[in-house]
Structure formats: C-alpha cells, structure tokens
Amino acid sequence: MLTGTPASPGTAVGPVARLAPAPALPAAKPAPGPDEHGAALAALDEVVAELEARAAGLTGELRDIMDTQVMMARDPSVAAGIKAAVDRGEPAAWAVHEAFGVHLEALAAIGGYLGERVGDLADLRDRAVAVLLGLPKPGLPEGEEPYVLVAVDLAPADTVVLDPARVLAIITEKGGPTSHTAIVARAMGIPAVVACAAAAELVPGVRVIVDGSAGSVEVDPAEETVVAVREAAQARARELAAHTGPGRTADDHPVALLLNIGSGDPGGSVDAEGVGLFRTEFLFLDRTQAPTYEEQRTAYGAVFAQYPGRPVTVRTLDAGADKPLPFATAADEPNPALGVRGYRTARRHPDLLKAQLDAIAAAAAEHTAKVRVMAPMIATPDEAADFAAAARAAGLTDVGVMIEIPAAALRAPALLAEVDFASIGTNDLSQYTFAADRMLGDLGDLLDPAQPALLTLVHMVARAGATVGKPVGICGEAAADPGLAPVLAGLGVTSLSMSAPAVPAVRAALRTRTFADCTDLAARALK
Ligand SMILES: C=C(OP(=O)(O)O)C(=O)O
Ligand SMILES: [Mg+2]
C-alpha cells in the first residue's frame, strides 16, 4: 500500500502505464546523412500534425494551450536554427536539440509566464528528437487499453488531452492538492493521488487500486479485493444517482450547489443551481493584449445564455501570481503571490476593470441569468467599497467580494457592509493563512482545508453574513470535498461551488445529515 495526498475522489482499478520519458541523444554522434535538413523538418511536421490533430477536438483554454504549442513549433527562428546547425555538420536530431535549446534558455531567462512555457517547448523538442531517433514519443501512453497513469508530474499539454475513457486514475510523484494536475483531474472526474513519492517504483503493467479520496494506492491486489472495490464503486454510483435537485440537508436546510466554470463550461444541463465561480482569466491568457469589450461581451453572453433564470457569479480578472499576463503583470516582482495581483491589478490598470465590468453588464442586460459579479483578492473594506462603486456604476446590482486573504476574513462584517455577498476562495485563503505555497505538494498537510485555523476563518465570515442576512459561499476546492461539505454547511455557509463532477457526492453528503448533525460536526472540527 502506497500513500500520497488525496487529489480527486473516487476509486479505480487498472494496470499502470507510465508517461514515456524524454529521449536522450546517444553518446556516439553518427556521421550526417545526405539530407539531414529535410529529415529534421519532416520530423517537426509530424509533431505539428499530431498536435494539430489533438487540438482539433478541443475548445477554449485547452485549445489555446495546444495552439500556442503549435505556433512555437512553427516559429521561423527554430527552422533557421536547425538549418544553421545542419550546415555546420550536425545530424538532424542534434540540430533539432540545439535549435530548441537556444530558445529554451531564452524563455527560462525571461521567467514569469513565458518561463513557464519552457516545459511546452521542451516537449516539442523531445517529440521531434524521438521521431528522428525512432524512439517512442514522450507523453501519454498510446494504444486503446484503459490505464492508471503514473508520472512524476503532468505537463499542461498532457493534462489537456487526458481522455477520461482511457485514464482510469492518475498518480503523480509530485504536485499538491491544488496543483494543475489535481484541478484538471477533479474537473474531469478522474480519481487522483498526488505527492506519492513511492509511485516512482511502480512498474508498467502492474495492477493497482487507486483510492483518490483516501490518497492510497494498493499494488497488485488480490482478485477478491478488486471485485469488492468494483462492487463498492457501483453501489456508490447508484447511491449518488438517487439524489437530485437543489442542495439541502436531510431536514431541508438549503445549501446551494453551484458550479465553478472557466473556458470549458459544462453547460446548463448539469443538475446544479447556477454558477458560483466563473473564472474569466481564460479570455486573457496567452495573448499580448487584453480582449476587447466586444469580445468579452460575446463570451460572457454565451455563458449567461446557458443559465436562464439562474445565478451566474462572474469573477473579474484574477491576474498575477499563478496567472501572469504580459499586459497586466510586472514580470520582475520578487514575490508574485504577494504582489500586484487579483483586484490590485486595477490600481495600475483601471481601464481593464472598467472594460470588463461594462462588458459583463452589457451581456447581463441581454439575458435572464441572474448575473452577480465579484472581485478576487480583496484585502480591506475600502477595496470592497471601491469595487462595489465601480460595479454599480457599470449597472451591476448584485456585487460581492472573494475572501481569500486573512485580513478580509478578520474584517468580514466591515467588508460585507459594502457588498451584497461574499465567496470564500479557500485555495488562496489556505495559502495566505498558512504561508504555504498552494502548489507545493510537500506542504499538503498545511493546505488541508480541514485545518482548524482555516475553518475558524470560514466560520467568522459565515457568521458575519448570517448577522446581516447576506449570502456567504465557498468556491475554493474545499467546497468539492464531500467529507467536508456537512462541516462547511454547519459553519454557516449558504452555498458550495465546485466543478461539475463533484456535485453528486457533495449533494449526497448533505442529504444524509440533518442541519443539527452539520453544526455538531462543525463545532467538533473547530476544536
Ligand atoms: C477559488 C479560488 O480562486 P483561484 O483558485 O482561481 O485562485 C481560490 O483561491 O480558492
Ligand atoms: Mg484565488
């Protein structure tokens, strides 16, 4: 039995498949053939064709990530670098390696968001080199058999093409519960265990049982165990399907179940009461300039159209830190998580916020969705008041703030006096309460949303909301945890917002307890 950090709930059984490693250039360099330049370009064409085929079935943010990678492969300076190396007598694989290497160093030196694309460029290089050396391409295993994917960590380009029909579960040696891998796995409903260092020893083909709720991996289980796990999973699926409709406890205390959406909106057909967090960053990422007012208005309208009569909570741009933007974020901040990010971006770029609020208001006027708007990373009542004034000036009437900074939770009554609702972002609130980088798997214990200090802050905000009769929801990953949902309800939150696959288990967890059970659990959790 191996243990790691639970990252996406559910159990699965299947054979291990590993992410193919990057190919290494052989120590002995062969003499160049007659057309090394042609061979190198053909290998690059093959890689591009494959990436384009992957991109074809995608939309939104995932599509953008793939398109950018294709653009990198097509960059004329890469072709020029290959030609120069071949002219100096390098064989094709070496020429490709060298040409990409120059760009890799340059990107890494720039740092920030561009620096983070180093992995994408290295992936292109490795794919082309693998073609030239006749080795398997790095990345996801090929073939049709479903498997349990094991990796050190997953590159964004790998996570975007994960197929839930083939990937039964994910185990990574690194990564934390709020890492990219974990978020994508939860959004796709794939069980996952991260920060499982011992997974390094798992050999391809061995059968494992992955329990994404417990964070455990059983290696080579007995047949009876496999049968029992499969039966339990089927029974669980039947139990979840038995509950539908709005979120409420066994004695009908309402806790609204809302969706977290971004570019990949699951649409209005999901059995949820509306949208609790519409992340708008996807419109702004991978671009050199902000999207225009018209572009934004169209994009927001397309989402509002999916939720007639239901709440859609739009979060204004949350740039900076893990989401740097060339036109909005300074590349040289020594500590971007504590920098000019989230709502603070409006200090330098008030025009960005104004255009966004205007576009949201214009799109809202064209649809019946109950559009709410909230700002990320609000720290003080003054910021809440300024944001509320800007949103109301744009014509928006239901205005809120995210509580992601301990200062905001501590002053919740004063903040709530300025706005209509609050939504607690537990991912960042954990990070700032525990001074623990939300991406670090090593600090998973501190980032555990059941930490009493975090629950104490949630309680303070929920109580402040109850006192003045204003809703206080949670839209961080804590809201997707069925084990924690009754505790959060008992602390007094009025809604839980999560990715679509998480809704049924959270709904069932609430339905099977009375509100008195929930308050009792909450009191015990606080202790
Ligand atoms: C919901 C949150 O925002 P994000 O994950 O987008 O920072 C959060 O911080 O909990
Ligand atoms: Mg946040």
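# A tour of the predicted model

The shell around ligand 1 divides into two nonpolar, four polar and four charged residues. Please keep in mind throughout that this is a predicted model.

**Stop 1: the ligand**

Select ligand 1 and then the residues around it, which are Leu277, Arg279, Asp318, Glu404, Gly425, Thr426, Asn427, Asp428, Cys475 and Gly476. If you colour by secondary structure, you will find that strand S10 (275-279) and helix H16 (426-434) each supply at least two residues of this shell. Which element gives the most to the shell around ligand 1? The answer is H16, with three residues.

**Stop 2: helix H16**

Seven of its nine residues are buried, so the helix is largely enclosed by the rest of the structure. Just after the helix, select Ala435, which takes a positive phi of about 50°.

**Stop 3: the barrel**

Eight of them close into it in the order S9-S10-S11-S12-S13-S14-S15-S16, with parallel pairing. On average, and with direction ignored, neighbouring strands of this sheet are turned by 30° against each other.

For a detail of the pairing, select strand S14 (residues 421-424) together with strand S15 (residues 472-474), which pair in the parallel sense over three bridges. Within this pair, Ile424 stands opposite Ile474 in S15. Helix H17 (residues 452-468) packs on the sheet, where it touches strand S13 (399-403), S14 and S15, and its direction makes about 165° with that of S14.

**Stop 4: the nonpolar cores**

Which residues touch the most other members of the largest nonpolar core, a group of 96 residues? They are Val461 and Leu488. Select Val461 and display its contacts: leaving aside residues up to four places away in sequence, Val461 touches Ile403, Ala409, Ala412, Ala422, Ile424 and Val472. A second, separate core of 31 residues can be found by selecting some of its members, including Ala17, Leu168, Ala192 and Ala199.

**Stop 5: helix H19**

The buried residues of H19 are Val503, Pro504, Ala505, Val506, Arg507, Ala509 and Leu510. What do these buried residues pack against? Their partners are helix H9 (223-241), strand S9 (256-261), helix H18 (485-491) and strand S16 (495-498).

**Stop 6: strand S4 and its partners**

Next, select strand S4 (residues 147-151), in which four of the five residues are buried, so the strand is largely enclosed by the rest of the structure. With strand S3 (residues 11-18), S4 pairs in the parallel sense over three bridges, and here Val16 stands opposite Val148 in S4. With strand S5 (residues 167-172), S4 also pairs in the parallel sense, over five bridges, and in this pair Tyr147 stands opposite Val167 in S5.

**Stop 7: residues in loops**

Most residues other than glycine have a negative phi, and the next two selections depart from that pattern. Asp220, which is found in the loop between strand S8 (216-219) and H9, has a positive phi near 50°. Met377, which lies in the loop between strand S12 (370-375) and helix H13 (381-393), has a positive phi near 55°.

Are these residues buried or exposed? Asp220 counts as exposed, because it has 8 C-beta neighbours inside 10 Å, where the limit for exposed is 12 or fewer. Met377 is buried, because 24 other C-beta atoms lie within 10 Å, where 20 or more are needed.

End the tour at Glu201, in the loop between strand S6 (192-194) and strand S7 (207-211). With 11 C-beta neighbours inside 10 Å, Glu201 counts as exposed. Finally, draw a distance from the C-alpha atom of Glu201 to that of Ala485: the two residues are 284 residues apart along the chain, and these atoms are separated by 35 Å.

Conventions
Residues are numbered from 1 along each chain as its sequence is written. Chains are lettered from A and ligands numbered from 1 in the order in which they are written. This is a predicted model: local features need pLDDT of at least 70, side-chain atom pairs count only at pLDDT 80 or more; totals for chains, interfaces and linings use all residues. A residue is near a molecule or strand if its C-beta atom, placed from the backbone, lies within 6 Å of it. Ala, Val, Leu, Ile, Met, Phe, Trp, Tyr, Cys and Pro count as nonpolar, Asp, Glu, Lys and Arg as charged, and the others, Gly among them, as polar. A nonpolar core is a set of buried Ala, Val, Leu, Ile, Met, Phe, Trp, Tyr and Cys residues joined through C-beta atoms within 7 Å. Two residues are in contact if their C-beta atoms, placed from the backbone, lie within 7 Å. Two strands pair if DSSP finds at least two bridges between them. Axes are lines fitted to C-alpha atoms, for helices over the stretch in contact, and angles run from 0 to 180 degrees between N-to-C directions.
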